[in-house]
Each structure stands twice: as structure tokens, then as C-alpha cells.
Number of protein chains: 2
Amino acid sequence: MTKGKKWVLEKHFQGMPKRSDMKIVEFDLPPIKDGSVLLEAVYLSVDPYMRVFSARLSEGVTMIGEQIARVIESKNAEFPVGTNVLIEAGWVSHSVSDGKNLTKIPPYPEGVPLSLALGTLGMPGMTANYGLVDVCSPKAGEVVVVSGAAGAVGNVVGQIAKIKGCKVIGFAGSDEKVAWLKQLGFDEAFNYKKIKDLDATLKSVAPNGIDIYYDNVGGQFSSTVLDNMARLGRIACCGSISSYNDTKPLLLPAVHGTLIFKEITMRGFIIFSYRDRYPEWVQRNIQWIKEGKLKYKEHVTKGYDKMFDAFVELFSGTNTGKAVVEV
Amino acid sequence: MTKGKKWVLEKHFQGMPKRSDMKIVEFDLPPIKDGSVLLEAVYLSVDPYMRVFSARLSEGVTMIGEQIARVIESKNAEFPVGTNVLIEAGWVSHSVSDGKNLTKIPPYPEGVPLSLALGTLGMPGMTANYGLVDVCSPKAGEVVVVSGAAGAVGNVVGQIAKIKGCKVIGFAGSDEKVAWLKQLGFDEAFNYKKIKDLDATLKSVAPNGIDIYYDNVGGQFSSTVLDNMARLGRIACCGSISSYNDTKPLLLPAVHGTLIFKEITMRGFIIFSYRDRYPEWVQRNIQWIKEGKLKYKEHVTKGYDKMFDAFVELFSGTNTGKAVVEV
């Protein structure tokens, strides 16, 4: 019998997640039936959304999440031993599937790592495509601001905005991140922790206003960006990581007047509502990678037992690019 | 020589407009040239947007606004004496035009007053059409909340939402207004001044959440409505009358998290950006009036010299339906 491990949410997080809120539990996997496969996690994803969605889980259940898993035993001809798949199995080391909830990972160009199926070629890359292209309709020459720009989603957003001919201004939380954004071709990149006056900075780099704001952070930062939007501006509300660990509601200046008199659209979205479009975006991103227009970086934490550490690092801004855990 | 009167903005409003901020000035109109007409105001509009847009005016200029005027002298065959037109001439009793900035008022059904060209068949009626139908795409069975529901825009919004088969919940500021909303066919109508717990009220009338919020008021009220939106809800940010006279920014709970996790769209708009579509909407509203599906009410103040009084009454909520001044 195969033994597996799972991360259980012992207690709902209050503020910043604590190690004692979670527990690693060993369990036995059932023998597989005809049509089923036994999977072993290869890479597990840690993402900011998990912090928010965890509030909907019952205490005592396995933490939610996606992983790249490999078939290690198969009674399903469609998924022979060795097949790499995506599965939303949660934070587990092993799982059994009848194949219905598995997505095969398409062939990648030479040298592109498998783990990218959790990043630029996975959910965050899909989020960037939908949120920038579908929600904001960028046009050449427009000014795009991206917050959380060195994160898994933000870096892809900025690069697609450059492909679309926009002027791209990125904000991230360290000088190293800023240096990477400049390598990626961002027109301007700032370490927001070192900015004394965000309003003045925005006015200097976007004197005619910001056409598109791709918001990964929320909070006061986004309030100041809103003040600097151009007429008919569009805001993709993708993440609000600055407030996920808040224990009381943050008060900010009311948005209504600005939205009206600048004729602005703010749209929140969750990428899981658009799964049927993933294949289209995966192929588009693969093509851009081949053409050298879309680069990537990963922040890899080794060891299944380190998942919690990799997760909380998201909120201290440790990762540049996509954070994944390698088993 | 014809003598005219104009209302001049002597001093930018600070907080609630004061009578001393404005002044009535007499002036001489020039004799009309070939191709021009002399116009006399018949009905003048007072609208909340004027409070906001006045901040962009220089002190000492004529207050902005639209009016229904009659041609009293003509050297333009297209606009003979007696023609009724719409003109954005500001708060003036008389004006001269070469015809280019005039809109002829189309024939109305029997019994429909001319003044409706400033209300249900004018800018506010257009605002209701665009903001509800184009911005929010109402579907039969959806739940629509309208604030400022007995105002010039709100009452039309609620009636169109009923025509579209929605459940319509209106909020207004007096029992008389509420009674009128019920006459108009609103499914639920409340005097917001008498509600002890808006959140509980919304949960009782929209237990599955609000699909569409047509926001005329902004402020804390709109913040509570946002908390009660359904997934994929749409918010038309049309007005923020509760804060137009505020002297410092109002702080409200941040909207970002709610927009994201409920996948909500908030869109601000100004109807003047869509003037080319007015004729389509005017005809649609006329048709609905003929069919008895769209009713109207006006709050008429008599006397050009009373314009300021009619204007400030907008902010105390005195008017039910469209506020106009009859010369």
C-alpha cells in the first residue's frame, strides 16, 4: 500500500498564516481500480489566492491547490506510467484519479522546464492573458501600470503589454526585482518600498495619465494609482495581496467620484471561471517563449515539507517570478 | 436691443452652494446676423452634475447647463420663429445661435409636456438607458437595486429594469417618493432615511445577492450595497450625489477584494460621451411612454430668478422626478 502525505488546515488563518495553523498528516492510498491512476506530485504550486479561498474550507480538510504530478501506476490507457499531468489535488504528495480531473501537459519547446505548467504556462500565465488582453483591451501607445510586477502574474502582464506596444511601468518590492523587470523590457520599474511620493512618481512617468492598471496588490497603493488614471481608463482587479492578511477592513478614499468623472471601468475576475480558454492562451504563451518575447523566472523551494514556508514567503515578497515547490 | 439675464458663478462652491456664490447679471444681446436665431429660454434644467463640473469653470463665467428654448427671431430657414430646441447655453434667459449647437425636439405623443426634453426624453432618460442597458446588460429575473430611485435618472432606470423583466428594488429619501416608486411598479421601495439596518434590508429582499446596482448616490450606502452583490454583478457608477458637497475625501472600506472574489464590474460613465446615440434612446422612451410602460413626474420651479433655489434643492432631495425651472 502506498503512503501519502497531506497538508491539513487545522485552524483558519487569522492575519499572517502561522505554522501551527497547518499540519502534515500521513495517509494510506487505496489500491487503484480499473480506469484509475496513481499520481505522485512533482511540483506543487503556492499562490496568494489560497490565502483567501482557505477561509471557505472547513477546518481539518486538505489545503487546496494545483500540482504537476506524474503517473506512477496506471490502469487507464490514456494516462500511462510516466505521463505528466496537472491536477487540483490540493497540497498532497500522492493522489488517485479516474482521469477526469487531469490535464495533460502539452509538449514544451526545448529547454523549457516542466514546472512552467504552474507559472507562465499555467494558471498565472492564463490570468495575465485574460486580465490584460480581455479585461483591459490594451492598444499600442497606451500607458500600463502593473503592481506586483515581479510576481508570477505581473511579469507576464508587463511582457504581454510590451508585445502589444504599450508603455509599461512596473512596481515591485526589491532592487533585484526591479533589475529583472528592466531586463524583461519594462520601460520603467520601481522598488515601491523606496518611493517617497508615489503620486509624484506616477505623474512624472505618466504625465497624461494611466490608461490601464493591472492591480495585483490593492490597498493604498492602488488608491494612488486610481487618482492618476486617464479618462476611459481600465483597471483589472486581479489580486489584493497587500490586504489578504488584514484582520480588519482597510479604509480608503471612496472610488465613486473618480470612476464617474474619469469614466473608468474596474473589473474583478477569477481566472478559474475561464478554464475553457486555457489551451488558447497556453499555445500563445508557448509561441511567445519560442520567439524570445516572453521570458520567465521561477522561485523553487525544495521539499514537500517546506510548502508552508514557500506559501508564507508570498506575503513577504520573497519570490521573484513564480513560486513552486519541488518534491 | 434685447436684454438678457445670466447666472454667473462668482465664486467656486465650497461645500453646499451658497446664494452668494452666484449672481444674476443683465446683458445686451447682439443683433442677429444672417443664418442666426435669437432664442428665449422656456425651461431650464438643474442637474447634480453641475455641482461637480462647476469646479472646472473659471470664476466669473456663466453657469453651465441645458435648456429648452424657443426661437423668437430668425434669420435661419431651418429654425423659424416658434421652433423649440435644446441648447447647452448655460443658465441664460436669452441666447443667439447659428443653429449648429441646436437640437430640434421631435414630436411628442399627445399630452406629453415639452419639458420632458430635459427629463425622461432628455439627458437623464438617456443616462438611464445607457447606464442600465449598455453598462449592466440586465437579464430577465435578475435583481436590480437603484439608489436615488425617485430622481430624474433613477425612476427611468427602475422602469426600464421592469420592462426587461428584472426584480427592482428602489431607495429614495421620503415616504412620498417611495409611494410613487410603488405606483411605477418597483417590486420593493424603501425610504433610506428610515432604514435602521441597510445590510439586513438588502439581505431580506435580495437573499441571493444583487445582480445589478445602478448607483446614483455613492458613499456608505453604496459600500453596503457592494457587500451584497451577487457573483458576476455589475455596478453602473452614474452619480455620487451624497458626496458632491463634501469638503474632504470620504473614507470607505476598500473595494478591491470584493470586486475580485465576487468577479464584479464597476463602471463609471458620463452620458455626454454618447450623444450620437440619443436619437435611438429618445425614440425608445417615446415608444414606452405611448405603451404606458414608462411614466414620468416633474418637479417644476417657476421663475428664472429661482434657478439657484431649484439647484440646491437637488441636494436636499426635495424633487421627485426631474427638476426643471419654468421661465
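Q: How do you know how many salt bridges cross the interface of domain 1 of chain A and domain 2 of chain A?
A: In this predicted model, the test asks for a side-chain nitrogen of Lys or Arg within 4 Å of a carboxyl oxygen of Asp or Glu. Across this interface the rule finds zero salt bridges.

Q: What makes a residue pair a polar contact here, and how many are there between domain 1 of chain A and domain 2 of chain A?
A: The pair needs N or O atoms within 3.5 Å, with one able to donate a hydrogen and the other to accept it. Between these two domains, four residue pairs are in polar contact, both residues being at pLDDT 80 or more. On the side of domain 1 of chain A that touches domain 2 of chain A, α1 (49-53) and α9 (307-316) of chain A are the elements that give two or more residues. The largest share, three residues, comes from α9(A). By class, that side has six nonpolar, eight polar and two charged residues.

Q: What is the area buried between domain 1 of chain A and domain 2 of chain A?
A: About 970 Å² is buried there, and carbon and sulfur atoms give 62% of it. The domains themselves are domain 1 (3-119 + 300-326) and domain 2 (137-269). Their contact takes 16 residues from domain 1 of chain A and 11 residues from domain 2 of chain A.

Q: Why can the two copies be described as related by a two-fold rotation axis?
A: Chain B can be laid on chain A by a turn of 180° and a shift of 0.0 Å along the axis, with an RMSD of 0.0 Å. The copies are thus related as by a two-fold rotation axis.

Q: How do you know through which surface the copies meet?
A: Of the interface residues of chain B, 100% are also interface residues in chain A, so the copies meet through the same surface.

Q: What do chain B and chain A bury between them, and which three residues of chain B supply more than any other three?
A: The two chains bury about 2700 Å², 67% of it on carbon and sulfur atoms. B:His256, B:Ile260 and B:Phe261 supply 25% of the area that chain B buries against chain A.

Q: How many salt bridges and polar contacts are counted between chain B and chain A?
A: The count is zero salt bridges, but 10 residue pairs are in polar contact. On the side of chain B that touches chain A, α7(B) gives the largest share, five residues. That side has 20 nonpolar, 10 polar and five charged residues.

Conventions
Residues numbered from 1 in each chain as written. Chains lettered and ligands numbered in written order. Predicted model: local features only at pLDDT ≥ 70, side-chain atom pairs only at ≥ 80, totals over all residues. Heavy atoms only, no water. Least-squares fit on C-alpha atoms with pLDDT ≥ 70 in both. Contact = heavy atoms within 4.5 Å. Domains from an automatic or database assignment. Buried area = accessible area lost by both parts, 1.4 Å probe. Polar contact = N/O pair within 3.5 Å; in protein donor to acceptor, adjacent residues only side chain to side chain. Helix = DSSP H or I, 4+ residues; strand = E, 2+ residues; numbered from the N terminus. Nonpolar A, V, L, I, M, F, W, Y, C, P; charged D, E, K, R; others polar.
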